[in-house]
Amino acid sequence: MAEPDAIAALVRAAAPSCGSVRLIGVDGHAGSGKSTFAARLAAALGGAPVVHLDDLATHEEFFAWTHRLREQVLDPFARGEAGRLAVYDWNARRFGEPTPLEPAPVVIVEGVGAGRRAVRPWLALLVWMEMAAEASWERGRRRDGTALSGFWDEWTAAEMRHFAADPSLPYADVLVRQGQEGYEWRQRRDSAPTAHRSVTDGDGFPPPR
């Protein structure tokens, strides 16, 4: 098993991709462990900031958040300025007041769609959490309980449509699978720019023993 420290070394070796920032995407199906892994990777990078795409989505716009990400994070970073992140309150159904997001050496963007077409050109590295959709969704449903079963029904339908139209997995640089004692991971290709890479080997890991 390999902890995120090894992937952190890949991140440090990458060139800046959004102004002076190495922007790292952590993508995968809902419930696949993106937030947990992103937090551990951030810790391995000395406390890198993490942008959660759930904070930019809304009840009405599960995946129509790209303009907010660009306006609040990507464009300011590209200009060498601090971002201004307004977080959506899922209970109050409104955005809070914007707070500063400094352009650190590494910033992690985690969430379903972090490796989508509109975001890939800004990424230094794209990580995909290797867990099948049904298993991921089942884990998410268990985590959130039956009270949110209706929400999950809407979400999974929207997620299927999103990935059918705009897949992230074919462009992932690193595949990560969570194990019982840590993470297995595999680098898929060389250091060519993420947005222009093509798959050069098979997807996934060998079947678990």
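A search of the whole structure, which is a predicted model, finds one cavity of 30 Å³ or more. A cavity is a set of points on a 1 Å grid over the protein atoms alone where a 1.4 Å probe fits but cannot get out, whereas a pocket is an open set with protein on both sides within 12 Å along at least five of seven lines. Lining residues have an atom within 4 Å of a point. Grid points are joined across faces, edges and corners, and a volume is the space filled by probe spheres set on the points.

The lining of the largest cavity consists of Leu-53, Asp-54, Ala-57, Phe-62, Trp-65, Gly-111, Val-112 and Trp-155. The largest pocket is lined by 22 residues, and Ala-30, Asp-54, Arg-143, Asp-144 and Trp-152 lie nearest its centre. Helix 2 (34-44), helix 4 (133-144) and helix 5 (149-165) each give at least two residues to the pocket lining. Helices (H or I, at least four residues) and strands (E, at least two) are DSSP runs, numbered from the N terminus. In the table, Ala, Val, Leu, Ile, Met, Phe, Trp, Tyr, Cys and Pro count as nonpolar, Asp, Glu, Lys and Arg as charged, and the others, Gly among them, as polar.

| Space | Volume | Lining by class |
|---|---|---|
| Largest cavity | about 30 Å³ | six nonpolar, one polar, one charged residues |
| Largest pocket | about 610 Å³ | seven nonpolar, nine polar, six charged residues |

Six of the six residues of strand 1 (residues 22-27) are buried (under 20% relative accessible area, with exposed over 50% and partly exposed in between; 1.4 Å probe, protein chains only), so strand 1 is largely enclosed by the rest of the structure. In a regular strand the side chains alternate between the two faces of the sheet. Here Arg-22, Ile-24 and Val-26 point one way, while Leu-23, Gly-25 and Asp-27 point the other way.

Two strands pair if DSSP finds at least two bridges between them. Strand 1 runs parallel to strand 7 (residues 106-110), joined by five bridges, and Leu-23 has Val-107 as its bridge partner there. Strand 1 also runs parallel to strand 8 (residues 125-129), with four bridges, and Val-26 stands opposite Val-127.

Strand 9 (residues 174-178) and strand 10 (residues 183-187) are antiparallel and share five bridges. Arg-177 of this pair faces Glu-184 in strand 10. Four residues lie between the two strands of this hairpin, where Gly-182 has a positive phi near 155°. Another positive phi, about 60°, belongs to Arg-93, which is not a glycine. Arg-93 sits in the loop between strand 4 (88-89) and strand 5 (94-95).

Among the buried residues of helix 3 are Gln-72 and Pro-76.

His-52 belongs to strand 2 (residues 50-52) and counts as partly exposed because its relative accessibility is 30%.

Residues are numbered from 1 along each chain as its sequence is written, and side-chain values use heavy atoms, with hydrogens and water left out. In this predicted model, local features need pLDDT of at least 70 and side-chain atom pairs count only at pLDDT 80 or more, while totals for chains, interfaces and linings use all residues.
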